[in-house]
Amino acid sequence: MELFLISVIILAVLLLAVAVYAVMQKDLLYATIATGIISLILSVLFFLLQAPDVALTEAAIGIALTTIIFVITIRNTSRREDEILITQESEASKIDDKVKANM
Amino acid sequence: MKKLLVLLLLAVVGYSLYKPLSQVEFGADRIGDIENPTTVGAYYLSHTPSDLSVANVITAIVVNYRGFDTLGEVSVLFLAATGIGSILYRRRKEGEHSETITQPSSQLLQAGAKLIYPAILVLGAYVFIHGHLTPGGGFQGGAIIATGFLLMMMSYKDFHMNHTVLTWVESLAGITFVSVGIGGLIVGKTFLENFLAIGTLNDLFSGGIIPIIYIAVGFKVAAELAGVLDTLLSIKEK
């Protein structure tokens, strides 16, 4: 019983830490992977708390499908959070020129 | 100013979460006596094995007691998949490959995916066929099957879902769900009422209409999610 309580508390603290990392991270790909890790920890927690049905759903949808859908979206938009703000301005063409110059 | 507002909002949310939860004693038994049920949870726990002979009580609640809600849930998923498809779907030209995946995947991933892909499909089918016996069910099994298809889509550039087949599977599964419900209306009194023999507890063929509905839901969810992923992976870059 003690071991159970300790492991649940450790997992919950880990969950919060990864969640804060996902919010703070500017690189959206890293944030998405962190969201996947949140789902992983959450599904273990659900299993420990005797909810295997929810754990299965969280494992299949949270870890695999949602993460992949976000990764595809990032692949088709931009990867860094600040890029989105800049590209909304008229500086979009400037960045393209810079990238071309670097290539 | 903005941070102050955020803090205020967090405080309100935190207080409204804390207030009802503080009334519940930690680790308290909220279900009560199962033999003489006074709460709805205790009623489900005590009556499911005898009334429906379903071992997994959650499945009995989701598909039988709350079956109409599940039909609504399935429709929501269908609507979401239809929305994504209608916005993003684009018919492929002859011999055209996925635009999102530009580099070929490694030999290791391709061989491993080929090896593990049938096993994932069998696991998903197992999860939704045994939905009334073990944890899991139609939604979980369908999602597992969709991840199997996803693995193949990501490993092989020329692996595509056939959208005609997906549409047919999806529609037939939905029709099965609704017609089983209407069958309950015809034979019994209410929509989705159990009209088949319930069998003995812990048998594969038990639980009346529950396995039929969950198999239909499994096919439906798998087809929808696989279609969504295939559509998303075929987005053409501008």
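Among contacts in chain B between residues at least 6 apart in sequence, what percentage join residues at least 24 apart?

Reply: In this predicted model, 69% of the contacts in chain B between residues at least 6 apart in sequence join residues at least 24 apart.

The elements behind this figure may be described next. Chain B contains eight helices and zero strands, and its order from the N terminus is accordingly α-α-α-α-α-α-α-α. Chain B is more spread out than a compact globule, because its radius of gyration of 23 Å is well over the 18 Å that the globule rule gives for 238 residues. Along the principal axes, the C-alpha atoms of chain B fill a box of roughly 65 × 60 × 35 Å. Of the 238 residues in chain B, 32% are buried.

The contact with the neighbouring chain follows. Here 18 residues of chain B are in contact with 13 residues of chain A. On the side of chain B that touches chain A, at least two residues are supplied by each of helix H6 (138-155) and helix H8 (210-233) of chain B. The most is given by H6(B), which provides seven residues of that side. By residue class, the side of chain B that touches chain A consists of 12 nonpolar residues, five polar residues and one charged residue.

Taken together, chain B is a chain of eight helices and zero strands, with H6(B) giving the most to the side that touches chain A.

Key:
Residues are numbered from 1 along each chain as its sequence is written. Chains are lettered from A and ligands numbered from 1 in the order in which they are written. This is a predicted model: local features need pLDDT of at least 70, side-chain atom pairs count only at pLDDT 80 or more; totals for chains, interfaces and linings use all residues. Helices (H or I, at least four residues) and strands (E, at least two) are DSSP runs, numbered from the N terminus. The radius of gyration is taken over C-alpha atoms; the globule rule is 2.2 Å times the number of residues to the power 0.38. A residue is buried if 20 or more other C-beta atoms lie within 10 Å of its own, exposed if 12 or fewer, and partly exposed in between; C-beta atoms are placed from the backbone. Two residues are in contact if their C-beta atoms, placed from the backbone, lie within 7 Å. Ala, Val, Leu, Ile, Met, Phe, Trp, Tyr, Cys and Pro count as nonpolar, Asp, Glu, Lys and Arg as charged, and the others, Gly among them, as polar.
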